[in-house]
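Hi there,

Here is the structure I promised to pass on to you. Please open it alongside this note.

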Amino acid sequence: MMNYKTISIQGTSIFYREAGTPGAPAIVLLHGFPTSSHMFRDLMPLLAPNFHVIAPDYPGFGYSDAPAPDAFQYTFDHLSLVIEEFLAALGLERYSLYLQDYGGPIGFRLATRHPERVQALILQNATAYKEGLSEATELLNLYWTDRAMSEPAVRALLTRATTTYQYTHGAHHPERISPDAYHHAQALLDRPGNDSIQLELLFDYR
């Protein structure tokens, strides 16, 4: 059974999905860009018979609050602290971390600060070293060097075409990929003010 809950962390409402039995080995699923815990909707029921599975939405993503950047610090340092407090509030003292994309810079910080809490790291498209960055990040290299000049081009990463590409590029059978996934992600990206949040995090990724 899947449960859908919210909890207040640092005055911000954090939405999360939960499945499995509390007390079973815990797996925390940390999502990437541009999606949310929605990306794990099919995986969680498969893990639930053997694990306690938790998947939060970060501030600015999914169904969690999305305060404006002038009211909330959108850095991976800060997001990792929010998730650390979230896990503490749920009473989780030991867990495995499943890190996808943005889940990497958040989860690696959790593991570095508290390695005694982490039973395993499971990585999916999460890099911890510069050599792991692909040619697709060359635009971000320009953004990190000259933010003002490159921002208009970086905004293309927030468009429907780019979101669809992220889900379908390289797929042998794109017709098997539900459009629900990328339409859901894009609808949340298109919320008023969310572009400013994503631009902050794309810059902080450096």
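This is a predicted model: local features need pLDDT of at least 70, side-chain atom pairs count only at pLDDT 80 or more; totals for chains, interfaces and linings use all residues.

The largest pocket holds about 1,100 Å³ of space. It is lined by 33 residues, and Phe-33, Gln-100, Asp-101, Asn-125 and Gln-166 are the closest to its centre. Strand 5 (95-100) and helix 6 (160-168) each supply at least two residues of this lining, with helix 6 giving the largest share, four residues. By class, the lining of the largest pocket has 18 nonpolar, 13 polar and two charged residues.

The second largest pocket has about 240 Å³ of space. Its lining counts 13 residues, and Tyr-129, Lys-130, Leu-133, Tyr-205 and Arg-206 lie nearest the centre. Helix 3 (103-113) and helix 4 are the elements that give two or more residues here, and helix 3 gives the most, four residues. Seven of the lining residues are nonpolar, three are polar and three are charged.

Helix 4 (residues 138-145) also meets helix 8 (residues 194-204): their axes come within 9 Å and cross at roughly 90°, so the two helices are roughly perpendicular to each other. Leu-140, Tyr-143 and Trp-144 of helix 4 make the contact with Leu-199, Leu-202 and Phe-203 of helix 8. The residues of this contact are six nonpolar, no polar and no charged.

Leaving aside residues up to four places away in sequence, Thr-35 touches Phe-61, Tyr-167 and Ala-185.

Best wishes

Terms used: Residues are numbered from 1 along each chain as its sequence is written. Side-chain values use heavy atoms; hydrogens and water are left out. Contact means heavy atoms within 4.5 Å. Axes are lines fitted to C-alpha atoms, for helices over the stretch in contact, and angles run from 0 to 180 degrees between N-to-C directions. Angles under 35 degrees count as roughly parallel, over 145 as roughly antiparallel, 65 to 115 as roughly perpendicular and the rest as oblique. Ala, Val, Leu, Ile, Met, Phe, Trp, Tyr, Cys and Pro count as nonpolar, Asp, Glu, Lys and Arg as charged, and the others, Gly among them, as polar. On a 1 Å grid over the protein atoms alone, a cavity is a set of points where a 1.4 Å probe fits but cannot get out, and a pocket is an open set with protein on both sides within 12 Å along at least five of seven lines; lining residues have an atom within 4 Å of a point. Grid points are joined across faces, edges and corners, and a volume is the space filled by probe spheres set on the points.
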